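User: Can you go through this one with me? I'd like to jump around a bit.
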Amino acid sequence: MKMNLPVVLLKGLVLLPNNEIRLEFDGTVSKNVLDVAELFHDNNILVISQENLLEEIPKINELPRIGSIAKIIHKIELPNGNVRVVIKGKNRGKVHEYLNLSQGSDVLEAIVSEIIETSINENEEIILTNKLYREVEEYIKGIPYISNNILGTVENINSLSEMTDVLASFLPIKLDRIQEYLYTDDVKKRATMILEDIYDGKKIYDIEKSIEQKVKTEIDSNQKEYLLREKLKAIKEELGDISSKDDEIEKLKEQTKKLDAPEKIIERLNSEISRYEGLSQTSPEANIVRTYVDWLLNLPWNVHTLDNENLKEVRKKLDESHYGLEKVKIRIVEYLAVKQMTNSLRSPILCLVGPPGVGKTSLAFSIASAINRNFVKMSVGGVHDESEVIGHRRAYIGASPGRIIQSLKKAKSSNPVFLIDEIDKMTKDFKGDPASCLLEVLDPEQNKYFSDNYIEEDYDLSNVMFIATANYIDDIPEALQDRLEIVRLSGYTEFEKLDIAKRHLIAKICNEHGLKPSKIYFSDDIILHIIRSYTKEAGVRELERQLSNIVRKIVADIVIDNVEKDKYRINIKLVTKYLGKVKYKIHEINKLSKVGVVNGLAYTSFGGDTLPIEVNYYEGKGNLVLTGSLGDIMKESAHIALSYIKSNYKYYGIDYDKLTKNDIHIHVPEGAIPKDGPSAGITLTTALISAFTSKEIPANLAMTGEITLRGNILPIGGLKEKSIGANRNGIKKIIIPYENLSDLEEIPNEIKDNIDYIAVKNYEEVINAINEEKVISKV
């Protein structure tokens, strides 16, 4: 008889008749199946299983045609909204047709009829039932990890059909085999399948037992072999025979004799080799000692390369690879000159400090190439574990030397150029402080006796030329700064970038892209246009990317169109086509003068830049509001500026009621960028006075300097970088502290030709300079 039943789809699980399963339903569609079964089908459902059920809404023609007609015998709703049910299989069912499977939330139903099993003789059924019970009992006795709970379940079962279904769910067989039981309606065949699976299980267990016994025998054999080998070793020692390990030890001893190393290292090596000789090959310590001996043998203890003593050639190579950077080049030439005169001199320990992209890292490699030394690099940015620098002690599993010793092994000499990159970006935590570990490495008085935790012997680092790089010197601990020879590298001017592009970048980019440098022509005006309109940086990395972008598109046009011109002349139209619209309109921001807006100057990791400061006030109680991600020092400068104005309000013609009966808001644009430092003091003061007196400050004027409560102007740092940034943004006058006049010597002439510098000692001179537009000290 055919019937209509809701369908439950199972994946990875098969329900056989006369068995129960527990399921938990959490989806709306799944709960609807239970509701339909309860309301219209007396809790009867059809359970089908499909192993490869990957889709949430499967296709009808892929669903099985055999399943279990089952009944929900227990149902409970959980606090989380899910429904837990117990379902018991009743009979095998054949699906004639599936209904209502759509892309919506309809319940899947099926027209199904009960499968009538093949009948069996009563005596034959009793015989087979007893046979199955005996075999299961023997199976459970023979395999210790199989539970005997099933015996109590099948003991009182007289139906062969029921017994085969219960036993099939109990046996440890694969899912497709259980599916085969569901599809088999012949009871005798199912009984035969049960017996086959029981016999197969016994065979598998016998094989497993055999393998286990074999493994145990091998372990015993290995122990026996170890004892015999130890005895054999003693016999060979008596007879004078040499084993393979003895050959290895002889080679190690021979390498030790040839090694050019301090006497203490030779003694340590001989001691460790003797120790290794006495250890068994199966001992875990043998490998540790062997690895340690290899490290001692492979370090370049007394290996040195010869420096290039032709100082003119050294300077020429440095000039060819890098534009400018005079201080570093002069320092390297001086070192080589003094070394030639004295024949012995400790290598300098330099720290190149400057914004990204000015050539700090690449300069270190060029120095190594120019003076004919090997080069190694160690980046310490983000390093927070001191073991990375000075190694782990050998007591730890997997211990190894620190990166100092590892780098020297790679260098294959004891006097390489050793670059420690991003030294200002080290961190510290509970694992230690790597910056403190570098105190010994970078101290000329101590690094001759550098000791790595793993090597445990002194290594002479005094001949290594250490070059560190950093963006912010303030982020380097003072104790470490004291050991470094600081060389500051400022950002490039527009004309320096122009020269770098013409001398180095364009030729390098063309060669990298398979294009002859003579095939492409950039005029000076075009390069300056790219620098001003498409880059905003202290170095030349972005400039190199933009030039590469142009060359890359030209190469793509050549390959795609299969046409190559004799020469490609880059003009404004092509720049716009290849690079898009202008990114930075630097001169437009300084056209309009406004009340309460004054240009300050900032020194960032990307070089100098202008920093407009805005002031507004409104009716209130004299509160001071500061916004723009200002640091504590800059906030203090704002309070000092306001206090100075309050104490001198008559001199500057300010109504005191405005200061006390209004709230004052100071804002520094680009609020997502943190800002700090005292050098905006006079800028904050000027912006406040401008707002309260309604006087405009010239938009092409900028200022920098720290102010005190008495109005004195204190010196600041980074004047060169700030001047370059000011020139880039169209500033024509800069007010600076009088004590910074000496810093003007470092500023390139093309910058000083475009900017008037006004040096002031106190704030009254600042106001006089603004009102009278008088240059107090012009360079």
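Predicted model: local features only at pLDDT ≥ 70, side-chain atom pairs only at ≥ 80, totals over all residues.

User: How many residues of α4 are buried?
Analyst: Eight of 11, so to the extent of that count helix α4 (residues 160-170) is mostly covered. The buried set includes L160, M163, D165 and L167.

User: What caps its N-terminal end?
Analyst: S159 does. One of its side-chain oxygens is 3.4 Å from the backbone nitrogen of S161, and S161 is among the buried residues of α4.

User: Switching to charges. How many salt bridges are there?
Analyst: The structure has 37. One of them joins R275 and E285, at 1.9 Å from N to O. R275 is in helix α8 (residues 263-278) and E285 in helix α9, 10 residues apart.

User: Where do those two stand on accessibility?
Analyst: R275 has 36% relative accessibility and therefore counts as partly exposed. E285 is partly exposed too, because its relative accessible area is 30%.

User: What about R483, which residue does it bridge to?
Analyst: R483 pairs with D443, and their closest N and O atoms are 3.4 Å apart. Both are in loops: R483 between α16 (478-481) and β13 (485-488), D443 between α15 (434-441) and β10 (450-451). The two are 40 residues apart.

User: Buried or exposed, for D443?
Analyst: D443 is at 11% relative accessibility, so it counts as buried. R483, at 22%, counts as partly exposed.

User: How covered are they?
Analyst: R503 is exposed, with a relative accessible area of 51%. D499 is buried, at 19%.

User: On to aromatics. How many pairs?
Analyst: There are 10 aromatic pairs. In one, the ring centres of W301 and Y459 are 4.9 Å apart with the planes at 35°, so that pair is tilted. The pair links distant parts of the chain, 158 residues apart: W301 is in the loop between α9 (284-298) and α10 (311-321), and Y459 is in strand β11 (residues 458-459). Both W301 and Y459 are buried.

User: And F365 with F375, what geometry?
Analyst: Edge-to-face, because the planes are at 90°, with the centres 5.4 Å apart. F365 is in helix α12 (residues 360-370) and F375 in strand β8 (residues 375-379), so the pair ties together parts that are 10 residues apart in sequence. F375 counts as partly exposed, at 26% relative accessibility.

User: Which charged residues sit over tyrosine rings?
Analyst: The charged end of R569 is over the ring of Y521, 5.3 Å from its centre. K761 lies over the face of Y738, at 4.6 Å from the ring centre.

User: What does the side chain of T469 contact?
Analyst: The side chain of D421, through a polar contact of 2.3 Å. T469 is in strand β12 (residues 465-470) and is buried, with a relative accessible area of 1%.

User: Last one, which residues form the nonpolar surface patch?
Analyst: I207, I211 and V215, with about 270 Å² of accessible area together. V215 is in helix α6 (residues 187-239) and counts as partly exposed, at 41% relative accessibility.

Conventions: Residues numbered from 1 in each chain as written. Heavy atoms only, no water. Patch = residues over 30% accessible without salt bridge, like charges linked within 9 Å, V, L, I, M, F, W, Y side chains within 5 Å. Areas by Shrake-Rupley, 256 points an atom, 1.4 Å probe, with all protein chains shown as cover. Salt bridge = Lys/Arg side-chain N within 4 Å of Asp/Glu carboxyl O. Helix = DSSP H or I, 4+ residues; strand = E, 2+ residues; numbered from the N terminus. Buried < 20%, exposed > 50% of the residue type's maximum accessible area, 1.4 Å probe, protein only. Phe/Tyr/Trp six-rings, centres within 6.5 Å; stacked < 30°, edge-to-face > 60°. Lys NZ or Arg CZ within 6 Å of the ring centre and 35° of its normal. Polar contact = N/O pair within 3.5 Å; in protein donor to acceptor, adjacent residues only side chain to side chain.
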